[in-house]
Amino acid sequence: MKYLYKLLLTLIAFVYLNSCSVNPVSGNQDFVLFSEERELEIGRSYNAQILQNEKVYADKKLQNYVQAVGDSLADISHRSNLVYRFTILDSQNVNAFALPGGYIFIYRGLLSHLSSEEELAAVLGHELGHVTARHSIRQASKAQVLDILSYAVGSKMGSTASNVATLASGAFLAGYGREMELQADSLGAEYMAEVGYSTKGMLETISVLKEQEMYSKEVADRRGSGPQTYHGVFSSHPSNDKRLQKVINEVEILSSSTSSSFNDQYLQKINGMVYGDRESSGVRRGNSFYHGDLDIYLAAPKNWEIINTPSTLIFNAPKGAASMGIDVIDLNRKETPKEYLNRISSGELFQDKKMKLDNYEAHTALLVSNSMTYRVAVVFKDKQIFRFSGSVKDTYKGAENYDDYFLSIINSFRGLKDNETKLTKALRIKIYKVQSEDTYSSLARESPIPFDPEKKLRLLNGDYPNQKLIVGRSIKLVE
């Protein structure tokens with residue numbers, strides 16, 4: 001055993017001494033196991049995977065604008081020799097991330113909540129900082145050492161030690177940690193100042209993402225789930241964080257001598273950008289759901305929220321007390337809806353009933369499986385099966401306590417009417433100048449935003465939770 005540990009220490013020392021390179025930002029020696037060429041290969045590989053699984057936002061002008069803002073920062077960065085790609089992904093997620101080698105992604109959902117070019121530069125600069133400081137490669141190098149430990153220790157001491165080391169390596173890759181996030185902020189702020197942006201962009205972006213964090217906690221409480229937050233220091237640290245404030249102060253000194261005025265075109269650039277659901281995923285409006293490609297309409301009970309995920313449409317009761325999920329698969333067998341339900345059900349069906357929904361064959365029943373009761377239903381439409389499954393959070397109450405709600409969702413299923421084609425189109429950002437009679441409450445009443453329209457309008461414009469509108473100000477609405 002003593003010999004084994006001595007061998008491991010020798011191995012790690014050898015790897016460390018032969019795996020140091022100069023950090024392009026600090027000029028210090030960093031422990032990395034990957035050459036720059038290997039870093040670029042890793043970036044290309046992961047970029048291909050991202051583009052295979054995520055959809056790029058189809059607006060060439062907006063893509064070019066984001067690329068131009070990113071290039072202005074990258075051109076004066078510590079690794080200006082790399083070719084950077086700044087890509088908008090067509091998702092309502094409020095986030096951004098960077099891959100090794102210069103691949104930087106920002107979600108459409110985050111763009112909709114920014115209000116100036118300086119805020120955009122703050123986000124892109126932060127992600128650029130991760131690339132220039134080689135944060136992902138340094139993390140991967142640490143994980144590689146743990147994999148070496150995992151193999152050596154695991155082979156001698158059994159699978160338990162190996163599993164511990166594997167879990168540790170996963171923890172390294174789960175996030176950058178406070179030090180690296182703060183350095184990314186510092187670098188992003190430095191690049192912004194050199195280009196001519198002020199610190200206002202970073203401060204406003206922190207505020208935007210803090211508001212998102214506040215709202216996500218409110219949503220989590222309403223849904224009975226966990227909150228979602230931005231990955232970086234913007235959400236993980238308060239705006240009065242002393243070290244973060246030091247970064248801001250240093251940039252203020254630098255920007256005071258380099259700052260130049262510019263024509264902020266940001267709001268006009270995102271005017272008309274898709275908000276929320278993209279058309280191919282179906283569109284929520286108020287308590288209704290319209291899907292043009294599938295030619296279906298569904299409605300939620302009062303105070304229920306519709307959650308549109310890539311694979312399932314979810315109708316969620318207040319506090320997540322009950323929910324109904326709906327998915328769609330191809331119809332492959334010639335059978336009736338009842339025969340299909342009987343064939344796939346993993347428990348006992350009772351109170352089953354044949355249905356006709358807008359002239360489509362359907363069947364519903366209560367299903368008991370593993371001491372849980374579910375309301376299930378299937379609808380056969382256009383060689384596809386629409387499957388409904390409703391359950392409750394508290395198993396002691398049983399699905400029957402929410403059965404009227406479940407049945408109302410199922411019964412709302414129908415094809416689209418001729419005059420509803422326009423309602424299947426995606427919601428879009430509209431730039432609007434505030435009038436004297438406007439309030440967030442009055443604007444929300446006219447808004448098609450599904451669930452919490454007033455709060456979501458406030459979030460779009462940096463006025464959450466209770467700031468007032470200013471007459472003459474340009475704000476974002478949704479139409």
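In α2, Glu-39, Leu-40, Ile-42, Gly-43, Asn-47 and Ile-50 are buried (under 20% relative accessible area with a 1.4 Å probe, protein chains only). They sit on the same side of α2, because they cover an arc of only 155° around the axis. An α-helix has 3.6 residues a turn, so residues three or four places apart point the same way.

This is a predicted model, where local features need pLDDT of at least 70, side-chain atom pairs count only at pLDDT 80 or more, and totals for chains, interfaces and linings use all residues. Residues are numbered from 1 along each chain as its sequence is written, and side-chain values use heavy atoms, without hydrogens or water.

Helix α2 spans residues 36–53, which makes 18 residues. From first C-alpha to last, α2 reaches 26 Å, close to the 26 Å expected at 1.5 Å a residue. Helices are DSSP runs of H or I with at least four residues, and strands are runs of E with at least two.

Next comes a sheet. It is open, with three strands in the order β7-β8-β9 and antiparallel pairing. Strands pair if DSSP finds at least two bridges between them. β7 and β8 pair over three bridges.

| Strand | Residues |
|---|---|
| β7 | 283–285 |
| β8 | 288–291 |
| β9 | 296–299 |

β7 and β9 are the edge strands, each pairing on one side only.

β4 (96–99) and α5 (117–132) each give two or more residues to its lining.

Note on methods: Expected span 1.5 Å × (residues − 1). Buried < 20%, exposed > 50% of the residue type's maximum accessible area, 1.4 Å probe, protein only. Arc of directions from axis to C-beta.
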